[in-house]
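Welcome, and please take a moment to look at the sequence and the structure shown below.

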Number of protein chains: 2
Amino acid sequence: MNLLVTLDSKYIQPLKVMLFSLFTNNPAENFHIYLMHSSIKDNEIADIERFVNSYNQKLSVIKIADSYFQNAPVILHYTKEMYYRLLAYKFLPKNMDRILYLDPDILVINPIRELYETELDGYLYAAAFHNILAVKKINRIRLYPYKIDAYFNSGVLLMNLELQRKLVDEEVIYSFVEKNRAKLILPDQDILNTLYSKQIKCLDEKLYNYDTRYYNYYKIITNNACDMDYVMTNTVILHFCGKKKPWQKGYSGKFYSLYKHYEKKAIS
Amino acid sequence: MNLLVTLDSKYIQPLKVMLFSLFTNNPAENFHIYLMHSSIKDNEIADIERFVNSYNQKLSVIKIADSYFQNAPVILHYTKEMYYRLLAYKFLPKNMDRILYLDPDILVINPIRELYETELDGYLYAAAFHNILAVKKINRIRLYPYKIDAYFNSGVLLMNLELQRKLVDEEVIYSFVEKNRAKLILPDQDILNTLYSKQIKCLDEKLYNYDTRYYNYYKIITNNACDMDYVMTNTVILHFCGKKKPWQKGYSGKFYSLYKHYEKKAIS
């Protein structure tokens, strides 16, 4: 399976925890990890490579030259890395048909193959949207006049690279960013949702992009079906969304002990 | 390492979770599990044995005949199993010098060898006491006139079998129970604390018998040193004390997600 990650040095530890959880809960699978970056140091790359290889998995590093996104508009507080996810198809092997992008603030706690093999006929992506009412409403207003039916989370993104090569256009993205600078909060996610949301296949967030802040919410909307038992048996991806991260001091949350246990196993 | 467990059919699932956590976090160790029981069915025993053997570990079953504790006094709501832990030395191999008793409502999340090799010179047991002030005070009043310096928890009990053969007397225990029927709440633990507390070596509860109900308490009394990071790195035994158990519906607690994750891995 092909996996894409894009990050800077600050996220190397979380990346290792994510990969460790992926590897240990998918022991019979072979993964090829593609790491896109612009600023990670050579010794850090070597460290990541050793880590990946120690689980008999493969790492390919794609370093993006500073010059590449020279003409791309940037937005305050955001770097050009925001384009990596959307334009990854340009840097990946030309014969690759699909890849699964994963954020590093994730734990993979169950087999991932079914997600990876999701049928993508005619879709550019598969992703989950976080079905919190308030979030949906705010985004609909914020991104008006673009019609947003669902606001997809871009932290877990299965990519149809073949179709992207035909349909995703760098210049369209740049001009969208130029035109909507003031409105964009999470630029890559906003671009995805305004330009491509009709071509995103919807995944069940409870299985593939479970927002760890909303344990009680998921339980309520499913009449208690989505309890801890359900999550541990069925959920594949726990996503530690939000500003507070489980590797930071003072974090608390329903999945804190689980995260820290994986962190300890991954890093010690 | 020799491990002792005593249980009835209701605790087979938790036992498997406990053993799974022990085995996976001590991958290079050989364990010999001694299971003392009176009522577990043959097919259940066979199932436990298959489970233990599947991790290349050894199980010995010690079935206690109903007739054995015929003359022992029983207390309302408690069965004769309450004596198993205290008198285990009578049923274990005569040449065994030590064994570690573990409750089934436990997760072992780190290497256990250091606990197992605790120096026991002159002590009958090693155990941790739960240092909650209110608990200590209540027990001191309840068990008066017996002097209780510390109220040890009997859920994790390292046993000096050699010394027990010399010093622990069945008849002394029985007559203590006869005399104090009305006072005893957790009989085996009460017996341990009133008759033998001077001969119990004290273990650090934060390492070897961490009461999962008291995460915030442990943090406060250590000025935040005993946070989730500390627990995952140092704590060996998480003990899910109290009436609410993590395998029951409606449980919640800091270590719920971790427990359920282990449960799923152990049982599916």
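## A buried tyrosine in chain A

Y174(A) is a buried residue, with a relative accessible area of 7%. The model you are looking at is predicted. To find Y174(A), go to helix α7 of chain A, which covers residues 170-180.

Who are the neighbours of this tyrosine? Leaving aside residues up to four places away in sequence, Y174(A) touches F69(A), A72(A), P73(A), Y83(A) and L87(A).

## A buried leucine in chain B

Now move over to chain B, where L86(B) sits in helix α3. Is L86(B) buried or exposed? With a relative accessible area of 2%, L86(B) is buried, because buried means under 20%.

Beyond residues up to four places away in sequence, L86(B) touches Y125(B), Q164(B), V168(B), I173(B), D188(B), I191(B) and L192(B). Take I191(B) from that list: L86(B) and I191(B) are 105 residues apart in sequence, yet 8.6 Å apart in space when taken from C-alpha to C-alpha.

Y78(B), I185(B) and L186(B) make a nonpolar surface patch of about 260 Å².

Y78(B) belongs to the loop between β3 (58-63) and α3 (84-87) of chain B. The relative accessible area of Y78(B) is 33%, so this residue is partly exposed. A residue needs over 30% relative accessible area to join a patch, and Y78(B) has 33%.

## Salt bridges within the chains

Side chains of opposite charge can pair when their charged atoms come close. Over all chains, a search of the whole structure finds 28 salt bridges.

Begin with a pair in chain A. K260(A) forms a salt bridge with E263(A), and their closest N and O atoms are 2.7 Å apart. Both residues lie in helix α12 (residues 256-267) of chain A, three residues apart, which is about one turn of the helix. K260(A) counts as buried at 5% relative accessibility, and E263(A) is buried too, with a relative accessible area of 13%.

R50(B) forms a salt bridge with D47(B), with the closest N and O atoms 3.8 Å apart. These residues are three residues apart in helix α2 (residues 42-54) of chain B, so about one helical turn separates them. Here R50(B) counts as exposed, at 55% relative accessibility, while D47(B) is partly exposed, at a relative accessible area of 26%.

Also in chain B, D211(B) forms a salt bridge with R213(B), the closest N and O atoms being 2.8 Å apart. D211(B) counts as buried at 1% relative accessibility, whereas R213(B) is partly exposed, with a relative accessible area of 47%.

## How the two chains are related

Two copies of a chain are related by a rotation about an axis and a shift along it. In this model, chain B is superposed on chain A by a rotation of 180° with 0.0 Å of shift along its axis, and the RMSD is 0.0 Å. That is the relation of a two-fold axis. The same surface serves both copies, as 100% of the contact residues of chain B recur in chain A.

Which residue of chain B comes closest to the rotation axis? That residue is L258(B), whose C-alpha lies at 2.3 Å.

## Where the chains meet

S257(B), H261(B) and K264(B) supply 28% of the area that chain B buries against chain A, more than any other three residues.

Charged pairs cross this contact as well, with a count of four salt bridges between chain B and chain A. In one of them, K260(B) pairs with D229(A), and the closest N and O atoms are 2.7 Å apart.

Methods: Residues are numbered from 1 along each chain as its sequence is written. Chains are lettered from A and ligands numbered from 1 in the order in which they are written. This is a predicted model: local features need pLDDT of at least 70, side-chain atom pairs count only at pLDDT 80 or more; totals for chains, interfaces and linings use all residues. Side-chain values use heavy atoms; hydrogens and water are left out. Patches are made of residues with over 30% relative accessible area and no salt bridge: like charges are joined within 9 Å, nonpolar side chains (Val, Leu, Ile, Met, Phe, Trp, Tyr) within 5 Å. Accessible areas come from the Shrake-Rupley method with a 1.4 Å probe; for residues, only the protein chains shown count as cover. A salt bridge is a side-chain nitrogen of Lys or Arg within 4 Å of a carboxyl oxygen of Asp or Glu. Helices (H or I, at least four residues) and strands (E, at least two) are DSSP runs, numbered from the N terminus. Buried means under 20% relative accessible area, exposed over 50%, partly exposed in between (1.4 Å probe, protein chains only). Copies are superposed by least squares on the C-alpha atoms of residues with pLDDT of at least 70 in both. Contact means heavy atoms within 4.5 Å. Buried area is the accessible area (1.4 Å probe) that two parts lose on being put together, summed over both.
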